[in-house]
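Try each task before reading its solution.

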Amino acid sequence: MKTSVLPSPPTEPVYLPVSSVAEILYCPRNFYYRVVEGATEENVFVIEGKLQEERRNERERVIREDSLQIKSIMIGSEELRLVGVVDAIEYRDGLCPVEFKRGPLRDNVNDDVQLAAQAMLIEEHAKLSVDHGYIYYSQSRTRRQVNITPELRELVLRTVDVAFQIQESGTIPVPVLDARCNGCSLAPRCLPEEIQYLKGQGKKPSKPLPSINLGRVLYLDEPGLYLGKRGERLVVSKDKKVLADIPLCNVDEVVLVGAINASGPVVKLLLDHGIPLNYITSFGRYRGTLKPAWSKNSPLRLSQYQAYLDPTVRVELARRFVWGKVANMRTQLLRANRTRKSAVITKAIERLQQVVHLVRERELNLGTLLGLEGSATREYFQVFNELLKSPLEFSFPNRNRRPPRDPVNALLSFGYALLTKDILSAIEMIGFDPYLGFYHEAKYGRPALALDVMEEFRPLIVDSMVISALNKNVFSPEEFEQRLGACFLTDPARRRFYDLYETRRKEMVTHPVFGYRLPYIRIFELQARFLAKVVQGELTEYKPFLTR
Ligand code: SF4
């Protein structure tokens, strides 16, 4: 696989944020994510720093010990190719920068070099020499004088050069993998321990911190419902009667199923707060998602397009998605057959094993992969009826869709639609283009990459949930209705199905490679992040999520 690609050198001058000189020294990979990929992840330390900055900036000018301080000055330099906000410029006998930092008083070369860069920017603008500055540490309420020595100036220039090299080459620096990673807000994106472990160079990773929200989903599916807003609250009504009034802070995602209307102001409110609004048809088909603008991670999308155009890379990734799906379908049958001991299921398991073997070991083209995956899926669904305890109540003739014509297919289609929206959220959050897949062909409006990534999860999340619900009599045949040749879940059945799906996606599962336990919804994100690292050349192979 190749390293990530970046566009041709821009013709306009490019500036780096002045804070990047400290970021590069602290962790070049952190700099790459923040500046090249536009990462904006924050943790409690970052947020605390921002709040302190806001409080400081409430007063633009202050007199401090007989010297004038002017706060938050934007300053840039074409020569240094740096731009940024200097926390304060102080005037006493001359000009000097003042930088504010969280935490206690300390000696830190990263802080010093950032201050030196600010001093050099001021010198260029004021045409004055700046020979010192101050760093104020909020926890100790003390400031430290830093002399702007020739060595510090030299370090600024060298660091800026390194920053531009990383930016122009688009190569992702290796993880520093030390105490700096503890509490780093970018760790869930960076996955430093996992990368080292997969490369055979490190110990088993500890559990990563959450980055995707765990989802409080508002499902609305009763025909005639209307979603509006009142201030920062979502108001659900029908025939002008308010049925629910929910604070926005209690909702991470909204799903509208069938003919539900949402007002323009509520759509704007959701977009402003980054809350996705998903649409699913009453047949249980994923229609799309309204969400804020795309992630800024254009380098990842460029790498994705390049991987798509490389036939070897494309087939290799497609092979791994199919491998994951067929292997997990086989596991599903194996689990079900532990007690049943059915000869027909055993036969199907053997055939699926043959397909897994072929997909893993042989060089295949996309056409052959499609054929193998199709035959494995047929084989699997041919014995699906055997997995149901009372097939007389809920028989499964074959897999049919668009529209599903019987209750079991209606449940499967509905589950796949919900899974599509979750996988789509994960891959979009990371910065992929969801409409360009490696296995599924690009078609107008089809989230091909989401369909690729969800292959390995279909049997684990949806099929097993549907079988288990039917075998535990969670649904009765009367809770389905036939209309216009399609089978629909009635309202109570659909609500129960949402609960089942929510429980399943939050179910904790042990990661087969890393050994830590995560909810499925975080596994979706983890797999999408590994796919990004393969596409960008950091990992050589995509490992599908396989369970035993
Ligand atoms: S987790 Fe570690 S390697 Fe990754 S960006 Fe943060 S400090 Fe750097």
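**Exercise 1.** Work out in which order the strands of the open four-stranded sheet lie, and which strands form its edges.

Solution. Start with the order: this open sheet of four strands reads 8-12-14-15, and its pairing is mixed. Strands here are DSSP runs of E with at least two residues, helices are runs of H or I with at least four, and both are numbered from the N terminus; two strands pair if DSSP finds at least two bridges between them. Next, look at the edges: strand 8 (217–220) and strand 15 (286–290) each pair on one side only. Now go inside the sheet, where strand 12 (residues 253–257) runs parallel to strand 14 (residues 277–280), joined by four bridges. V257 has I280 in strand 14 as its bridge partner.

A quick word on the model: it is predicted, with local features needing pLDDT of at least 70 and side-chain atom pairs counting only at pLDDT 80 or more, while totals for chains, interfaces and linings use all residues. Residues are numbered from 1 along each chain as its sequence is written.

**Exercise 2.** Describe how helix 15 and helix 16 pack, and find the residues that make the contact.

Solution. First, the geometry: helix 15 (residues 458–471) and helix 16 (residues 491–505) pack at about 130°, their axes 11 Å apart. Axes are lines fitted to C-alpha atoms, for helices over the stretch in contact, and angles run from 0 to 180 degrees between N-to-C directions. Helix 15 and helix 16 are therefore oblique to each other (under 35 degrees is roughly parallel, over 145 roughly antiparallel, 65 to 115 roughly perpendicular, the rest oblique). Last, the contact (C-beta atoms, placed from the backbone, within 7 Å): helix 15 brings I461, M465 and A469, and helix 16 brings L500, Y501, R504 and R505.

Conventions:
Two residues are in contact if their C-beta atoms, placed from the backbone, lie within 7 Å.
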